[in-house]
Amino acid sequence: MAAHREHLRQHESSTHDGAPPGMNRPPLLPLAGTLLRLSLPLIVFAAIWGGLGKLEQQAREGEERQNISVFQRTAAQQVERLRSELGATRIERVADLRKLVARVLDSRRDARDVSLEIIDLGGDHPRLIYQDPDLRPSTMMYVEQLVIGQQRWLVEVSPLPGHYLLNPSQSVETLRWGGPLIGLLVALLVALLQSRGRSVRRQVLRQTSALEHMNHQLERSNSALQAEIARSTEAERSLRNTTTLQRAILDGSEYAIVSTDTNGLIELFNPAAERIFGWRADELVGRATPLLFCPEDELARLESRDGPGFFAMIDEARAGHAAEPREMTLRRKDGHEFPASLSVSPLHGPDGAIRGYLGIASDIGRQKAAESRIRFLAHYDALTELPNRNYLGQRLAEAQEQCRRRGEPLALLFLDLDRFKYVNDSLGHHAGDLLLQAVSRRFMTCVRAEDTVARTGGDEFVILLPSLPDRNRAIEVAERILAALRDPFDIRSQRLTISPSIGIALYPEDGDDAETLIKHADAAMYQAKAAGRNAYRFYDSQYARELSDRLILENELRLALERKQFVLHYQPQLDVYSGEITGIEALLRWQHPQHGLVPPDRFIPIAEDSGLIVPIGDWVLRAACAQAHAWRVAGLLDAPMAVNLSARQFDQPDLPEQIASVLEATGLPATRLELELTESLVMREPERSSDTLSRCKALGLTIAIDDFGTGYSSLAYLRRFPIDRLKIDRSFIKDIVDEPDDAAIAQAIIAMAHSLRLNVVAEGVESDAQLSLLRQWHCGIYQGFLSSRPLPGEALTALLRGMKAAGVAELAPPPLQH
Ligand SMILES: Nc1nc2c(ncn2[C@@H]2O[C@@H]3COP(=O)(O)O[C@H]4[C@@H](O)[C@H](n5cnc6c(=O)[nH]c(N)nc65)O[C@@H]4COP(=O)(O)O[C@H]3[C@H]2O)c(=O)[nH]1
């Protein structure tokens, strides 16, 4: 309000003197303002005064003119009377004349209001004949010439004093005084009106400003009102939403939600509660909890377990606190009891007082089952339900402790099912699983109650035999297990036979901690496998060391390829007669940083077992083809390059495509590549081998059967494969000179090969005598230390260059004479 008054004051002051509020007014401005305000009344005053003055003037002049005219008429009448009375008179003497005139004039003197003067103009000098004593000079004068008795008189008539005076009439007087008066009055009126106008304007301004202010306030309260309306609409909407949400939560909740009044009488029972407890809401509303849902003995149990227990939770809720959910047994309508999680919290009314309780319950039967399953799985294998590696560890630790105390040994049997992978691969994992379950059951029949059979991996089992009287007991169990698996299993209407390899480690002699014992039993198991499977072996530290060396080698082998530690050596194959090089065999070497050049026999079996042979073999193929191509391009040698293939390589379905891409990449023609495959390799799966070999042949490759003779396969049978040559294993060649049997075999092989139109290569020829025999038997090609050891690429390149330079085609020794 004060602000409004200030605003008004400023507004008024700015309206009065034109100066904006807050500015200092110059000192002349109030004066100018006053003058400005007075100017209109002054102008009005002056205008009225001036107007009425003019009117008065005109009236005065009118009256004057009227007086003059009356005076002149009166003067003319006097002159006329003189003329009429004296006109005919002859006057001789001036004195007489004066008398006459005096008589005429004096006789009516009282009746006249003018005075006369008569001047005789007849003489040389004008002569005053007559003059009224009360003649007074006046501005009003009537003069006429009068001829009397032939004398020319000038009659001058003047008004008598007090007559024809210019006294304004009453109305003129009124005008004279009325002008300023009226002007003043009107000016006052104007000033009054002005002041009134100003006051009205001020009033209007004040009212306008007040109205504006009110308007402003109205607007403000209007927008506040709008906001309030919006807020309340929003609140209403949100309330609606909340209500809908609450309804949706209640209806959609998977938890049973039950609300009661303070006496425990049910007010709300949601659909999940109906589902969980089997009651309908309309059956329960108004009935009392908790005995409806909670068996009495359960309440008693909770009481005894938790002290005030369940009721403590209710008490907590009563005290206004939401209680932690508790696990308890609840009862359905049909009497069935189930584990549940229940929480009770207070419901507060608008005044903050507790108006009831809210119970939220869920059936945790599944959760409990899952928990116990998890607990089970933490210790047991899901498939066989045997203890798992974890639990075995615990049992082993306990057993060790017990044995230590009693001074008894214990045995740990590590079992692996031989070729279990084939069952999985050929019959599928489900069959594999069924077999594992069946095997587990049979294992269980072989042990005592205090023994533990655990499954520690895919087809790996560990049997713990605590408190052994002696190691014979371990042997007994191992043999029992071997015997138990001897009978076939019926799995999905298939008869399957499976055998175990068993490694045995004894405590304390083979290790006094669980890890070592398991490791040594595992090593012994490998020994059993190496001994032909379906066997048991006790831990042998010597063997284990070798095994460990092998494992180390395998690990190093994994890195050898990327560390570029492989090299190829090349051994020429020669024509037995001419000594010319007819082919080259690429032989792999491992340039080991510590062990030096490692021969393939030491690492290729490991590479094959671990699958590393596939990338290694690919490298060999590329390197050999590239070398052969380089010799061809250099004009040093144009003979086929023979490369050994292992079973894993040969089993790759896209082997022909891989070879084709290597040939394309290196530029070597297919006719200059020979694949060497062992007899046993192609005989594993004859059909598949035949197919793969045909596809390789189709590329233009040469196929050789390596180590022929070691696999005892029929040559006639072998001929069904698309092969080009046979390589007689060096073990047959070795003694052909001294052993007639070996010689006979070698000779027979060569003869048969010839009959089947196959080339024959004799391997491992070390002496001239051997070569001589081979020539006799018409074996076309030989390979061996006699002509050359396998040489590094650079060495053979140098050799070939030397031969080329010397112009010789044959490699030593010089051809023998027949
Ligand atoms: N005592 C004696 N030995 C001779 C004589 N001439 C050659 N040898 C040896 O006989 C083996 C011939 O190779 P293999 O039968 O294919 O037998 C090869 C082959 O089966 C395998 N191998 C070599 N390189 C590779 C390869 O790159 N891949 C695959 N998968 N296996 C390979 O390793 C085996 C052994 O190869 P190496 O140790 O190089 O042994 C070579 C060679 O050095 C001789 O006059 N006397």
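Residues are numbered from 1 along each chain as its sequence is written, and side-chain values use heavy atoms, with hydrogens and water left out. Because the model is predicted, local features need pLDDT of at least 70 and side-chain atom pairs count only at pLDDT 80 or more, whereas totals for chains, interfaces and linings use all residues.

The shell around the ligand holds 23 residues, of which Glu585, Asp706, Arg730, Glu766 and Phe785 come nearest; a residue is counted as near a molecule if one of its heavy atoms lies within 4 Å of it. By class, the shell divides into nine nonpolar, five polar and nine charged residues, where Ala, Val, Leu, Ile, Met, Phe, Trp, Tyr, Cys and Pro count as nonpolar, Asp, Glu, Lys and Arg as charged, and the others, Gly among them, as polar. An N or O atom in the side chain of arginine 730 lies 2.6 Å from a ligand oxygen, and for the side chain of arginine 589 the corresponding distance is 2.9 Å. Phenylalanine 785 contributes through a backbone N or O atom, 2.8 Å from an oxygen atom of the ligand. Of the 780 Å² of accessible area that the ligand has on its own, the protein covers 86% (Shrake-Rupley method, 1.4 Å probe). Two or more residues of the shell come from each of strand E18 (581–592), helix H16 (600–610) and strand E22 (702–708), and E18 gives the largest share, four residues. Helices (H or I, at least four residues) and strands (E, at least two) are DSSP runs, numbered from the N terminus.

Across the whole structure, four cavities of 30 Å³ or more are found, a cavity being a set of points, on a 1 Å grid over the protein atoms alone, where a 1.4 Å probe fits but cannot get out. The largest cavity holds about 50 Å³ of space, and its lining, made of residues with an atom within 4 Å of a point, includes Val614, Asp618, Leu645 and Ile659. Helix H17 (613–633) and helix H19 (655–666) each supply at least two lining residues, with H17 giving the most, four.

Elsewhere, strand E7 (residues 326–331) runs antiparallel to strand E8 (residues 337–348) and is joined to it by six bridges, strands being paired if DSSP finds at least two bridges between them. Methionine 328 has alanine 340 of E8 as its bridge partner, and among the five residues between the strands of this hairpin, glycine 335 takes a positive phi near 90°.

Most residues other than glycine have a negative phi, and most peptide bonds are trans. The bond from tyrosine 507 to proline 508, however, is cis, with omega near 10°, and proline 508 is placed in the loop between strand E15 (500–507) and helix H14 (514–530). Arginine 533, in the loop between H14 and strand E16 (536–538), has a positive phi near 65°.

Definitions and conventions:
Polar contact = N/O pair within 3.5 Å; in protein donor to acceptor, adjacent residues only side chain to side chain. 1 Å grid on protein atoms, 1.4 Å probe; cavity = no way out; pocket = protein on both sides within 12 Å on 5 of 7 lines; lining within 4 Å. Points joined across faces, edges and corners; volume = space filled by probe spheres on them.
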